[in-house]
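Hi,

Here is the structure I promised to pass on. Have a look at it first, and then read my notes below.

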Amino acid sequence: MTPNLSDQAYKALEELLVTAQLAPGSIWSEPALSTLTGFGRSPIREALQRLTSDHLVVPLRRHGFRITEVQVEEQLLVLEARRELERLVSVFATRRASGSERETHFEVAQQLRRAGHDHDPLLYLRLHFALKRFTAASARNPFIASALSPLHALSRRFFFVHRDRFGDLTEVAGLHADLAESIGRGDEQSAATCCDAMTGYAVEFTRRIVLE
């Protein structure tokens, strides 16, 4: 099914936001965003309402919308929520994924390891969050997937902004690849353990930014 214009506008704006092309702290009007994306005012308005709920924009009375700042404290709260939800998603995906979905997890695991080996943070982030969405779909629970979607958007933006501080990308890419392979094998215990390890790494990375 082709996404409606509101959904298309939402995805276009979300991509601009999480890649910081709409700079944190900047202020935009509906007409300006309509011109930038090529979508009409109504789809843009509906998309902005959703993005407000996602904590990516804040409406300003008579002054458009302000792009929210990227904050370490907020990211730690996001990770706190993600830890529990992603463990559930990982276990459910391990249990419910189809054969082809398991193969895709194996394939993307190889791509993640390659991105880490090549020290390509942008490719890693693209693979990372595309696989997050795929895993959530494989878990066959749309309610958890809907709860995770805005959290992933906030995390993706945070890591994009701080991508130059990743350090050893092979380590974090390897952690995600281990999780993907656990799901592919159908190993629920390993998937839960790997998921916690990934979240733990993300928390330490976030806290490290404060100390630098």
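Helix H9 covers residues 188–211. The expected span here is 1.5 Å times one less than the number of residues in the helix. Helices (H or I, at least four residues) and strands (E, at least two) are DSSP runs, numbered from the N terminus.

Before you go further: this is a predicted model, where local features need pLDDT of at least 70 and side-chain atom pairs count only at pLDDT 80 or more, while totals for chains, interfaces and linings use all residues. Residues are numbered from 1 along each chain as its sequence is written, and side-chain values use heavy atoms, with hydrogens and water left out.

Back to the start of H9, where a side-chain oxygen of Asp187 reaches to within 3.4 Å of the backbone nitrogen of Gln189. That is a polar contact (a pair of N or O atoms within 3.5 Å; within protein, one must be able to donate a hydrogen and the other to accept it, and residues adjacent in sequence count only if both atoms are side-chain atoms).

Helix H7 (residues 142–161) gets the same check. Its 20 residues should span 28 Å at 1.5 Å a residue, and the end C-alpha atoms are 29 Å apart, which agrees. Asn141 caps the N-terminal end of H7, with a side-chain oxygen 3.1 Å from the backbone nitrogen of Phe143. Further along H7 there is a kink of about 30 degrees at Leu148, shortly before the proline Pro150. The bend at a residue is the angle between axes fitted to the seven residues ending there and the seven starting there.

Now for the inside. The largest nonpolar core has 60 residues, and Leu13, Leu48, Leu51, Tyr124 and Phe159 are those with the most contacts inside it. Helix H9 gives the most to this core, with nine residues. A nonpolar core is a set of buried Ala, Val, Leu, Ile, Met, Phe, Trp, Tyr and Cys residues joined through side-chain atoms within 4.5 Å. Buried means under 20% relative accessible area, exposed means over 50%, and partly exposed is in between (1.4 Å probe, protein chains only). Leaving aside neighbours within four places in sequence, Phe159 is in contact (heavy atoms within 4.5 Å) with residues including Leu125, Phe129, Phe166 and Phe205.

A disulfide is a pair of cysteine sulfur atoms within 2.5 Å, and the structure holds zero of them. Cys194 counts as buried at 14% relative accessibility, and Cys195 counts as buried at 0%.

Two serines touch these cysteines. Ser182, in helix H8 (residues 169–185), is buried at 1% relative accessibility. Beyond its neighbours within four places in sequence, Ser182 is in contact with Thr94, Asp187, Ser190, Ala191 and Cys194. Ser90 is found in helix H4 (residues 72–96) and is buried too, with a relative accessible area of 3%.

Next, look at Trp28 in strand S1, which is partly exposed with a relative accessible area of 22%. Its side chain makes a polar contact with the side chain of Ser26 (2.9 Å). Trp28 and His63 are 35 residues apart along the chain, yet their C-alpha atoms are separated by 8.0 Å. Not counting residues up to four places away in sequence, Trp28 touches Leu22, Leu33, Leu36, His63, Gly64, Phe65 and Ile67.

His55, in the loop between helix H3 (41–53) and strand S2 (57–60), has a positive phi of about 65 degrees although it is not a glycine. Arg62 also has a positive phi of about 65 degrees without being a glycine. Arg62 sits in the loop between S2 and strand S3 (64–67) and is exposed, with a relative accessible area of 73%.

Cheers
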